Amino acid sequence: MAKAMGIDVGSTTVKIAVIDENYKIVFKHIENTKPKIKEQVNGLIEKAKRECDSENIPIVSTGYGRKLVEQAKKQMTEITCHAKGIFHTLNHGGTLVDIGGQDSKVIVIDRYGRVLDFTMNDKCSAGTGRFLEHTAARMEIPVEKIGEIALNAKKELKISSTCTVFAESEIISLLAYGEEVDAILKGLHRGLVTRIVGMINSVAFTPPLMLSGGVAKNSAIKKMLEEETGYEIVMPPHPQIIGAYGAAIFALEG
Ligand code: ADP
C-alpha cells in the first residue's frame, strides 16, 4: 500500500516515486517540465494520489523546482535525496555520477549512506544532458538514439569547443564539410564524458562508480565513462527517478 511520495522537479523533467512501507516503488511517473511548473506539479500529485488510492500520504520534494511544491512537508536538496535513493536501491556506497538536463553532480557516499564529498556543475551546460539534446535536435535525431549511433561509429571527431553554443556552430560546420553524423556524435559524447571525469577527479573518489539521471539511459555515456575511468559502472534499474525515490524515503521515514 502506498505510504509516501517523493517528487523531483528538475529543469528538464518532473519525476514522481510513490513507495510502500517496505520502500518498494508502487508508482512512478516521468514527464517533461512545463513552463507553468506549479500547475503541472499540482496536477501530477493529484493524479499520483488517485492512482495509488491514497489521499493523505506525506510528500517530500527535491530538485531545482522543489520550493514550488506546496504540498511537500519538507524540501530537500538533490545531493541528499540522490544519495539516499541510490544507497537504498543498491545497498552500498561508492561514487554516484548524476547527469541531468541542466546540471551534473558527483557524490561520494560512505558505506552507511552518508555523503562524504560532492561536486556540482550547474553553471555550464557543456557537462549536462542539454549539451547532447541541443545537437540531437539540430541533427533531427531523437535524444534516445544518439548514444547508440555514437557507440557504433568507427571514427571519432574531436569537438574542440567547450561551450554548447560554440560546439553547435562547430558541429554545423563539420556537417557542412561532409563529416559523418556518427563520428561527430561520438566526439560530442567524449566531450561530455571528459568533463564528468574532471569532476570525478576533483572529489575523494571511492569505487564502485554508479550512474543516475536521464543521461544514464544513454549507452555511450556509460561505456565511455567506463573506458575513461577504468571502472565498471553499477546501474540502478530506474536511473532517472533516484532523486524522487530518495525524497519518498525521507517522506516515509519522517
Ligand atoms: P533533470 O533532473 O535535470 O530535469 P533528467 O535527469 O531527467 O534531468 O535528465 C534529462 C536528460 O536526460 C535530457 O537532457 C536527455 O539528454 C537525457 N535523456 C532522457 N531520456 C533519455 C533516453 N531515453 N536516452 C538518452 N538520454 C536521455
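Buried denotes a relative accessible area under 20% and exposed one over 50%, with partly exposed in between (1.4 Å probe, protein chains only). The model is predicted: local features need pLDDT of at least 70, side-chain atom pairs count only at pLDDT 80 or more, and totals for chains, interfaces and linings use all residues. Residues are numbered from 1 along each chain as its sequence is written, and side-chain values use heavy atoms, with hydrogens and water left out.

**Exercise 1.** Determine which residues of α4 are buried and which elements they pack against.

*Solution.* Step 1: α4 spans residues 143–151; helices are DSSP runs (H or I, at least four residues) and strands likewise (E, at least two), numbered from the N terminus. Step 2: the buried residues of α4 are Ile146, Gly147 and Ala150. They cover an arc of only 95° around the axis, and therefore lie on the same side of α4; the arc is that of the directions from the helix axis to the C-beta atoms. Step 3: on the other side of α4, Glu144 and Glu148 are exposed. Step 4: the buried residues pack against α3, α6 (181–200) and α7 (219–229), where contact means heavy atoms within 4.5 Å.

**Exercise 2.** Characterise the lining of the largest pocket.

*Solution.* Step 1: on a 1 Å grid over the protein atoms alone, a pocket is an open set of points where a 1.4 Å probe fits, with protein on both sides within 12 Å along at least five of seven lines; lining residues have an atom within 4 Å of a point. Step 2: the lining comprises 40 residues, of which Thr12, Gly100, Gly101, Gly214 and Gln240 lie nearest the centre. Step 3: α4 gives the most, with five residues. Step 4: the lining divides into 10 nonpolar, 18 polar and 12 charged residues, with Asp, Glu, Lys and Arg counted as charged, Ala, Val, Leu, Ile, Met, Phe, Trp, Tyr, Cys and Pro as nonpolar, and the others, Gly among them, as polar.
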